[in-house]
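Hi everyone, thanks for making time. Let me put the structure up, and then I'll walk you through a few parts of it.

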Amino acid sequence: MMPILSILIFLPLIFALVIAVLPQHYTTYFKWITLGVTGVELVLCSYLYFSFDKTALSYQFQEQLDWITLPLGALGVGSIDYLLGIDGISLPMVLLAGIVMFVGAISSFEIKDKQRGYFGLYLLLTGSVIGCFVALDMFLFYLFFEFMLLPMYFLIGIWGGPRKEYASIKFFIYTLVGSLFILLVMIGLYLSVIDPVETAVQMGLIMDKSQVTPELITQIQQLLAEGKILPEQLVHTFDLRFMADAANFVGDSWLHKAAEVAMGDFSIRAIAFLLLIAGFAIKLPAIPVHTWLPDAHVEAPTPVSVVLAGILLKIGGYGFLRIAYPIFPEQATHYASLIACIGAVSIVYGAYNALAMKDLKKMIAYSSVSHMGFVMLGVASITSQGVNGAVYQMFSHGILSAMLFLLVGVLYSRTHDRQIDSYQGLASKMPVYTGFVALTFFASLGLPAFSGFIGEFFTLAGAFNTPLLPKWITVLGAFGIVLGAGYFLWTLQRMFFGNFWSKYELSLLPDLNVREKIMLFPLAILAIAFGIFPQLLLDVTNETVSQFLTLFV
Amino acid sequence: MNPVILIWLILLTPLVGFGVGMTLGRKQNAVVGLITTGFSGLALVTALALLFNNSLPQTHHWVFDWFSFGSMPVRFGFLADPLTLMMLVLVNFIALLVQLFSQDYMHDDPDKYRYFSFLQLFVFSMLGIVLTDNLFVMYAFWELVGLSSYLLIGFWYQKATAVQAAKKAFLVNRVGDLGFLLGIFGVYFYNNGSTDITTLGTTAMPTVVGLLLFGGCMGKSAQFPLHTWLPDAMEGPTPVSALIHAATMVAAGIFLVARIHPILTVDAQVVIATVGCITMLLGSAYAIFQTDIKKTLAYSTVSQLGLMLLGLGTEASVFHLLTHAFFKAGLFLSAGAVIHALHHAGHHHEFDAQDTRLMGGLRKKLPFTFACYLIFSASLAGLPLFSGFLSKDTILANLFHLGESNPYFTYLGFAVLLGVFLTAFYMTRQVLTVFFGEFRNTLFAVSTVHEGSWKLKMPLALLAILSTGFVFSWNPFNAGHVWFWHFLNPMMEEIAENHTIALVSVVVGLAGILTAYLTRNKVITYSLPTFDGLYDFLLVQPTLTLAKQLQRFDVQIVDFAVNSLVSLQVALATLAAWLDSTFIDGVPNGLATGAGIIGKVTRSVQGGKVQVYIVSALLGLGLLILLLVM
């Protein structure tokens, strides 16, 4: 069988190299190469979607290679695997990455200077983003997670707006701090968790990994619980599948459930969990670690904003679901109110800030903060609706925020001015553009028949109906739907309706061109399709989420 | 034909109409209106076919799976009970008349295609609300109604006031929807994870759930304190007002209350009736002070919606919803005819064609419109022989009946009588101002005003017929004989005849008319302050201020904290660099320097000068001798 996931990761990386070494006079082909590669990626992602077994409980399209194995004496054996696979939570993200990176590639056609660097970095980013979503080994995940920083830093820092240096360094530092937290926990987990299969091999119980049986794993876990395995025979692992099983924790390790190590009132497990949450919340971003986002968006060129909002933010929410929650389920339940509260406050706080914005792009950046708050709220509820709704909301926001930033880019590419006050009554001069803006705004404010509605409704429903959370948190979050309508409609009123007036000559403001329509139209179709047929995504996520929820009972 | 196919046809016809209209676009401006009108005609015929479909039992319920969460399915379905059937016919009928009327009214608009397409979307959303069996799905269509109203109220998007009004309508409705949304969550919670309407009432629910759901009604049906959007919504084209005020949108709220009636506790009913009562009195009071022909009607709608709520979502409410739909659609379309006629006559002049102070004496030039207007007004005022009399009396009788066990409802009944008086008063006053006296517009002569074509007249005629009492009861003086009761609910108890109340209400109405007539020459120059200023002060400005403050907080506190943290790091780094260069590097550097100095010193000792060596040697020798001797 074809190693599709590896192809997804390495195809863009290889072509990034190709672009790097091609002679200068091929510059005009760089964008076409990028488009072609992301196009193939999209086709592969769609293939994954259509051939995904919706009823299977295990990871699919798995690939596993031993990567690094180090005997560490009394510290046991260290093992890092090249382990890939997808389930119902990562598949929507992979699909979204395929869509967003492809659209971003079309949008990148407007980049005119230093094309070699730009398109090379863009492909590098594509590979590492997808790597992040398919990695099942935490070390590998972390590798891709860090690796994304590099292209993003340069894409904002070189091709960005006037304050690009500030924005890119801010983005860099924030994310780096976040990944530092994750790194700490990762090391702790590594020291605490063993791979029962490799350990069995190490103990000589079986000759080969293929001989493993479920009974044997239970037996190993039993021995581990009784402390009967010699330290040098313990094979430590970064495998996320093993980390999610409490039976694989070494008895006297710090992160074992029964460990009594504590700092003040917090157990080590609680601290580890909160560190992970903080690390991923920066990426999401949640209040109060969100301020890198508006700056990064305002300075980033349009396609980079599209990618940033469309897919990079989702890694935060994905990290909650893939790493923090399954490994520390009891902490997740314990801190549900805290996380939900941050989510609800993000919704309202982001919306209020959006209301105060004079820069269209900044307004949309804050609306992202608000919309990602729903994800946090839904995840915190630990209910089928909440978690499915959160994944749905991430997917939906990926599509809609990509559209929103493309639409801002349309105006910016014409006048280099995004101030809301600089325009009025655009509807009469740019009717098609206004049509798309109105559609996207209404979709973003959670109107039924668009994907955002499903995500918002069910994250709220989940949060309302879980015994874990007090009702007022949901009520607070629900205020976001009124405020959301407020800032979007107010912007529509100020910029698009009324009599035409602009600081710029009319000749500078032609309606959408063909390339812009090609980008926007399919996204609009997707937003509507996923609004009317939620099972398109829910059929994929349902089984995985049901299984995910069993960790919490 | 299978009823479910008919239902699908009814629901999807306007959606297809919307799609077709938008696809044809401005290039086919002329035909879009005809096509969509045809679509509505088709839908109406289908709805009638369904109504007279003998195979349909009293209540029919179809359920389809939509999607699911884990093992929890989310379903949607159709519920066809008499209430639904009535609404289906009503919505399509009014929509058809409105579109017919609009053929002339919107004849010269360059964006006609958009207008007719949006009307279809509006009808589609409303039919969705009417047909669904499920509160979640209803919420979805509910929001689509909000969208449609936004698009239609703001249809003339170059007009700043229209856009403002559209935004206001949407936002105020969203506030109500917030309650609706939470109410649905509540139903889901208490009703074993189901939001199916047919299961409502099988489990007990706290009062608050019903009241939260009622929040949705307060938004759409413009109940106090969320009533402020409705008068502003007059910024849309007049036929749209007719549609909004009669069959769609505002009717949705009353319909919702009728649907959730089983879960409304007694406390909830008291709250609802109280809100309705306040709204009724407030609306009719405001109506008196309006000089815009449409605004009087708008406030009158607010008031009548309050009256419908005083029927508490029972059959009485629904009946008033029906009769009101006909006479209010008629009033708006007649007002539209007046505006259209004045607009045509005076299109060379700048003037407000809706200002009643610039009208007067129009009965001679617009006799047909006048006659219809009289009928509609009489029905609104609740005079005998007209439909409004029957429905209003039922609500009154119902209230006094409830009052026997709870005197609070008796007081509400008296409030309704006051409302009747006010209604008769402002309607008479408006009829006198518009159609009697002298023509007060000096810009052009009244002789240039003339009636419109049959497309304008026919809808009026039909609605006028439907506003009479004979249509609903063979005895138009007696609400107990209305055939509608049997249609809506064959199990319903016979409504007790209460001649006293009927008589009193007629007397009160006539008193209102008389008062209006006697005070016809009094010009009202003052107006009631609206709630807009208050809301602006209490809600809008604080929200915007809070938004600005939070933005400042974001920049000055959050960002400042982060930047300070970074600055602190930079400062620490500088300090470290200084320490590094001064001390850490200082030690080896110092050592090196020390070595250098020593080297220099010692080098100077070994300067290669023989005299120095000799002196040193001698000194050393001297020292040695000294040591040895001592």
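In chain A, buried residues make up 59% of the 553 residues; buried here means that 20 or more other C-beta atoms, placed from the backbone, lie within 10 Å of the residue's own, while exposed means 12 or fewer and partly exposed is in between. Please keep in mind that this is a predicted model, where local features need pLDDT of at least 70, side-chain atom pairs count only at pLDDT 80 or more, and totals for chains, interfaces and linings use all residues. Residues are numbered from 1 along each chain as its sequence is written, with chains lettered from A and ligands numbered from 1 in the order in which they are written.

Staying with chain A, we have 22 helices and seven strands. Those are DSSP runs, H or I of at least four residues for helices and E of at least two for strands, numbered from the N terminus. The C-alpha trace of chain A spans about 80 × 60 × 40 Å along its principal axes. Of the contacts in chain A with a separation of 6 or more, 80% join residues 24 or more positions apart; a contact means C-beta atoms, placed from the backbone, within 7 Å.

Let's zoom in on one residue. Is A:G386 buried or exposed? A:G386 is buried, with 30 other C-beta atoms within 10 Å. This glycine, A:G386, sits in helix α17, residues 384-415 of chain A. Among the residues that A:G386 touches, leaving out those up to four places away in sequence, are A:G378, A:T459 and A:T466.

Now, how do the two chains meet? On one side are 37 residues of chain B, in contact with 41 residues of chain A. Which element gives the largest share of chain B's side? That is α6(B), with 14 residues. By class, chain B's side has 25 nonpolar, six polar and six charged residues. Nonpolar covers Ala, Val, Leu, Ile, Met, Phe, Trp, Tyr, Cys and Pro; charged covers Asp, Glu, Lys and Arg; the others, Gly among them, are polar.

Last stop: two helices of chain B, α11 (residues 266-288) and α12 (residues 293-310), pack at an angle of about 160° with axes 7 Å apart. Therefore α11(B) and α12(B) are roughly antiparallel to each other, the word for angles over 145 degrees. The contact of α11(B) with α12(B) has 13 nonpolar, eight polar and no charged residues.

Key:
Axes are lines fitted to C-alpha atoms, for helices over the stretch in contact, and angles run from 0 to 180 degrees between N-to-C directions. Angles under 35 degrees count as roughly parallel, over 145 as roughly antiparallel, 65 to 115 as roughly perpendicular and the rest as oblique. Two residues are in contact if their C-beta atoms, placed from the backbone, lie within 7 Å.
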